[in-house]
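Colleague: Could you walk me through this model? I'd like to learn how to read its features one by one.

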Amino acid sequence: MAQQGFWSLGGDNAGANTGNQSPSTPRAWCQAAASKLSGGLGSKLCALLNVGELEKGAEPAAKQPPETEPAACGCNKSCNCTKASVVFSDLYSTDLLPAMDSDAKTMIFLQEVVDILMAYIVESFDRDTKVIDFHYPNELLQKNNWELQSEPASLDEILISCRATLKYAIKTAHPRYFNQLSTGLDMVGLAADWLTSTANTNMFTYEVAPVFVLLEYVTLKKMREIIGWKDGQGDGIFSPGGAISNMYAMLLARFKMFPEVKEKGMSCVPRLAAFTSEHSHFSIKKGAAALGIGTESVICIKVDESGQMIPADLERRILEAKQTGLVPFFVSATAGTTVYGAFDPLIAISDICKKYNVWMHVDGAWGGSLLMSRRHRWKLDGVERANSVTWNPHKMMSVPLQCSALLVREEGLMQSCNNMHAVYLFQQDKHYDLSYDTGDKALQCGRHVDIFKLWLMWRAKGTIGFEAQIDKCLELSDYLYNKIKDREGYEMVFNGTPQHTNVCFWYLPPGIRYMEDKEERKKHLHKVAPVIKARMMEYGTTMVSYQPQGDKVNFFRMVISNPAATLEDIDFLIEEIERLGQDL
């Protein structure tokens with residue numbers, strides 16, 4: 001298949017396409033595009049990139065430079081278009097649609113914006129550009145006038161602001177950006193995001209979002225099928241992020257056990273207890289705080305060396321809670337912890353939840369996407385037993401932010417828990433099937449269209465495309481782990497092969513490798529990762545996260561979810577850490 005060549009880690013095709021880009025790569029790309037794109041877009045993109053290349057390495061001016069006079073329209077042949085005659089310094093937002101006779105000016109303005117975006121996109125994938133043009137906050141505040149004014153700015157100034165914003169933005173699509181779980185930039189997903197912003201509608205009723213509501217319906221059903229629920233039965237919703245999806249799950253678990261809480265509040269409910277691992281996401285405690293359950297009611301369960309919840313400790317703590325008068329109602333197992341990337345033993349946990357009649361939630365915000373991989377989905381064995389699952393396609397599947405799904409096994413529960421029957425939106429005498437008015441089961445009223453990005457990417461890649469993308473990232477993490485586990489100057493945070501793409505390690509500079517005083521060595525080691533990270537950002541070469549964990553001092557947490565990354569980028573990262581840390 002053609003996809004295998006695209007996703008392969010080695011071979012001539014991979015090297016030619018991704019491994020060894022030269023400074024001329026964007027120029028070669030846009031020269032080819034110039035002959036294919038209409039309206040002179042390709043030529044204009046080349047001009048923008050050439051300017052960017054000339055300025056590489058130069059310090060930006062203290063203040064924004066004045067906008068130059070408009071260039072020629074960029075058409076490849078003589079024409080009568082008005083693009084060259086448009087002077088944006090004389091135009092304002094009121095000169096654009098819906099103003100009368102503003103079609104041409106609007107299209108030309110939006111074309112300028114697209115030119116800026118296209119240049120940024122191509123530059124983001126160029127390894128010779130910086131991941132970040134870092135400035136300290138006070139410097140960045142002084143370099144540009146970010147203040148809001150009473151008087152409107154001209155469209156010329158608006159375009160300058162667009163360029164400045166992207167100039168100082170983090171290039172999360174850059175092949176050497178590894179800082180967050182959400183990385184990369186998918187072109188089809190980006191196109192879908194542009195489309196949904198253009199449609200600018202709301203997800204609460206079929207009446208105002210007919211296609212998007214149907215796409216959410218079919219996609220959530222497909223995701224439930226992949227989890228393993230019979231015929232994709234159940235319910236679900238796309239929420240603003242994994243933290244909100246986890247809070248939804250806790251809300252539903254409480255309502256399932258004590259439905260009266262919806263009307264009477266927490267005063268009619270006994271003191272509840274929720275359980276999650278010591279390495280779980282902070283959103284579990286945050287959800288308990290927001291719902292009035294309280295963070296003290298979240299009981300953290302011990303984990304083993306690799307970060308997996310210990311089922312025996314879970315059962316012990318449930319029994320202890322019952323003996324002290326608490327009512328266990330919710331267990332959150334994690335499929336891919338944020339730091340270690342650990343997968344809790346879901347089958348054993350589900351047995352305990354069934355035994356004590358406790359809602360089982362699986363927080364698969366990070367690791368849920370491994371369900372798309374035949375090679376790795378075994379790590380979530382038992383997920384089909386869960387009452388609810390959080391799954392964030394904006395992480396391992398590289399769907400543009402935001403895209404988080406909560407999947408619920410019991411159909412109708414979300415509606416019962418959250419509906420308020422607002423008659424101005426959810427009239428009961430509409431002329432279509434009211435089950436497609438999904439807004440009343442959500443906590444939000446206004447809800448962004450997140451589904452179209454995932455749906456369109458799924459159409460473009462197919463399930464096998466997502467599978468190849470995910471498998472590639474896990475292969476890269478294996479490559480990194482195997483390269484550094486026995487390398488001088490590196491020490492792994494825990495023993496054994498990482499379960500996900502998280503590779504956690506310390507880098508020990510030559511100056512502290514042979515320190516005999518363990519406490520002194522530990523104190524020095526704690527400072528290493530922050531200094532190297534700061535230098536990475538100042539040079540702009542790469543970005544990797546670090547943190548402490550329990551009694552372990554700061555270590556690097558390398559995560560790989562960027563489809564653009566290659567073996568060469570992993571090699572570069574290792575060399576860059578050593579270069580930036582050799583004098584520490």
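Colleague: What is the mean pLDDT of the chain?

Modeller: pLDDT is the predictor's confidence in each residue, from 0 to 100. Here the chain averages 89, with 86% of its residues at 70 or more. Residues 1-26 fall below 50, and beyond near neighbours in sequence that stretch has 33 contacts in the model (contact means heavy atoms within 4.5 Å). Residues 48-71 are below 50 as well, with 35 contacts beyond near neighbours in sequence. Where pLDDT is low, the predicted coordinates should not be read in detail.

Colleague: On to the sheet: what is the order of its strands?

Modeller: Helices (H or I, at least four residues) and strands (E, at least two) are DSSP runs, numbered from the N terminus. Two strands pair if DSSP finds at least two bridges between them. This open sheet has seven strands in the order 2-8-7-6-5-3-4, with mixed pairing. At the edges stand strand 2 (235-239) and strand 4 (298-301); each has a single partner strand, so one side of each lacks a neighbour in the sheet. From one strand to the next, the twist averages 20°.

Colleague: How many bridges join strand 6 to strand 7?

Modeller: Four, between residues 359-364 and residues 388-391, and these two strands run parallel. Val362 has Val389 in strand 7 as its bridge partner.

Colleague: Which strands does helix 13 touch?

Modeller: Helix 13 (residues 311-323) packs on the sheet against strand 3 (272-277), strand 4 and strand 5 (327-334), and its direction makes about 150° with that of strand 4. For the angles, axes are lines fitted to C-alpha atoms, for helices over the stretch in contact, and values run from 0 to 180 degrees between N-to-C directions. Helix 14 (residues 346-355) lies across strand 5 and strand 6, at about 155° to strand 6.

Colleague: At what angle do helix 13 and helix 14 pack?

Modeller: Two packed helices are described by the angle between their axes and the distance between the axes. For helix 13 and helix 14 that's about 20°, with the axes 9 Å apart. Angles under 35 degrees count as roughly parallel, over 145 as roughly antiparallel, 65 to 115 as roughly perpendicular and the rest as oblique. Helix 13 and helix 14 are therefore roughly parallel to each other. Pro311, Leu314, Glu315 and Ile318 of helix 13 make the contact with Ala348, Ile349, Ile352 and Lys355 of helix 14.

Colleague: And what about helix 10 and helix 12?

Modeller: Helix 10 (residues 242-257) and helix 12 (residues 283-290) pack at about 55°, with axes 9 Å apart. That makes helix 10 oblique to helix 12.

Colleague: Where does Pro98 lie?

Modeller: In the loop between helix 4 (41-54) and helix 5 (103-124). The peptide bond from Leu97 to Pro98 is cis, with omega near 15°. Another cis peptide bond joins Leu401 and Gln402, with omega about -5°; Gln402 is in the loop between strand 7 and strand 8 (404-408).

Terms used
Residues are numbered from 1 along each chain as its sequence is written. This is a predicted model: local features need pLDDT of at least 70, side-chain atom pairs count only at pLDDT 80 or more; totals for chains, interfaces and linings use all residues. Side-chain values use heavy atoms; hydrogens and water are left out.
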